[in-house]
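Q: I would like to go through this structure with you. Could we start with the salt bridges and then move on to other topics?

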Amino acid sequence: MRWLERTLLVGVPLLTALGVTVLVFFGLLLVRRLIVQRAAKLAERTPTEVDNLLVDFARRTRPLLIAVVAVYLGSLVLEPPPRVVGSLRVAMVLAVAFQAGLWVSAGIDFWVARSRKRLMTQDVTTASLLGVLRFAAKLVLWSVVLLVGLDNLGVDITALIAGLGIGGVAVALALQNILGDLLASLSIVLDKPFVIGDTITVDTLTGTVENIGLKTTRLRATSGEQIVLSNGELLKSRIRNWARLQERQVTLTFGVAYPVTADELAKIPGLLQGIIESQDQVRFDRAHLKGFGPSSLDFEAVYKVLSPDFKLHMDRQQAILLELLRALEREGIELALGSRMTLVGPVAPEGEEREGEEHATVKAR
């Protein structure tokens, strides 16, 4: 009879603990499955995204965590020795910390995706910053999870943090170029010299910004290839942002041939003003006899095209040059031999065009 009593004294609590463990494990698995199924169906019918986050939380819940929690709760029925309870508690804390990291990581991904979707139509630059913020947030998150885990395992994290600080200085010195590019990327997205979709010129390279990464910025060249630039070197270069161009100032210079009378020369500024003012979306600034050249009398006119559109700029430029040639022919004024009509102003990066001077050599009759 004594063996039966001992068996019952041990067996009943053991069976109770086993039952609690099994009940908690399969109960939590069932709840997880119901959340995934029901919330997934609800997410398809509702426009809100919170239920999608709930489904993601449930899917990222690991069965290992559920098992650890179930074993710990079941062990409390047996009233095991404090040493065993301590070990089980450490295992549960580690599992919970890891699972919490997965949940918080899912929340970060949800917030970044939702914010990026909203900002892509408002502020592309801030949207590009979200990738950097997500990386930094996850780095901090998993660092905290690691420190919590080590602390529960009995590791002196105070000394570890001090050692990491010294090691961090050494790593920073070794990776200063990479860290410089990382800080440069933050500077780009905060200062906004350009955003995704802008067409920029960096020294002699021109392209449309496709991506602003942690280390590099990628451009799509007008000829089709991709240009990859280091963020640090990019900020050290001169950047021309064509998307910020509001209007184009163009300076037209040309020379007329000797001999010509003063009265004929006096007509030319008026001719230029009339020709320029007759063009739509063009504002006349000035026109003057600039000086006496060795073989020509030089004129200079300045006007502005009131649009950043490159095609409009070229259309107006062509119309002004043709009308100027016709007006000079009507007045019997000849361009100087080898004279060059020079137009100085910002030229959009279309094909092989660059900002600077356009030269059109005109032969005298």
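Q: Which residues are linked in a network of salt bridges?
A: E247, R283 and K304 are linked in such a network. A salt bridge here is a side-chain nitrogen of Lys or Arg within 4 Å of a carboxyl oxygen of Asp or Glu. Please note that this is a predicted model, in which local features need pLDDT of at least 70 and side-chain atom pairs count only at pLDDT 80 or more, while totals for chains, interfaces and linings use all residues. Residues are numbered from 1 along each chain as its sequence is written, and side-chain values use heavy atoms, with hydrogens and water left out.

Q: How far apart are N and O in the salt bridge of R283 and E247?
A: The N to O distance between these two side chains is 3.4 Å. R283 is in strand β7 (residues 282-292) and E247 in the loop between β5 and β6, so the pair links distant parts of the chain, 36 residues apart. Strands are DSSP runs of E with at least two residues, helices are runs of H or I with at least four, and both are numbered from the N terminus.

Q: How many salt bridges does the structure hold?
A: The structure holds eleven. One of them joins R244 to D198, with the closest N and O atoms 4.0 Å apart. R244 lies in the loop between β5 and β6 (248-256) and D198 in the loop between α7 (176-191) and β1 (199-202), so this pair ties together parts 46 residues apart in sequence. D198 is buried at 10% relative accessibility, whereas R244 is partly exposed at 44%.

Q: What does N241 contact, leaving aside neighbours within four places in sequence?
A: N241 is in contact with P193, F194, D198, T199 and I200, contact meaning heavy atoms within 4.5 Å. N241 belongs to strand β5 (residues 239-241) and is buried, with a relative accessible area of 15%. A polar atom of the N241 side chain lies 2.9 Å from the backbone oxygen of P193.

Q: New topic: what is the volume of the largest pocket?
A: The volume is about 210 Å³. On a 1 Å grid over the protein atoms alone, a pocket is an open set of points where a 1.4 Å probe fits, with protein on both sides within 12 Å along at least five of seven lines. Grid points are joined across faces, edges and corners, and the volume is the space filled by probe spheres set on the points.

Q: Which residues line the largest pocket nearest its centre?
A: Of twelve lining residues, L28, R32, T61, I66 and W103 lie nearest the centre; a lining residue has an atom within 4 Å of a point. The elements giving two or more residues are α1 (2-45), α2 (50-59) and α3 (63-78), and α1 gives the most, with four.

Q: Where does T61 lie?
A: T61 lies in the loop between α2 and α3 and is buried, at 13% relative accessibility. Apart from neighbours within four places in sequence, T61 contacts R32, I66, Q99 and W103.

Notes. Buried < 20%, exposed > 50% of the residue type's maximum accessible area, 1.4 Å probe, protein only. Polar contact = N/O pair within 3.5 Å; in protein donor to acceptor, adjacent residues only side chain to side chain.
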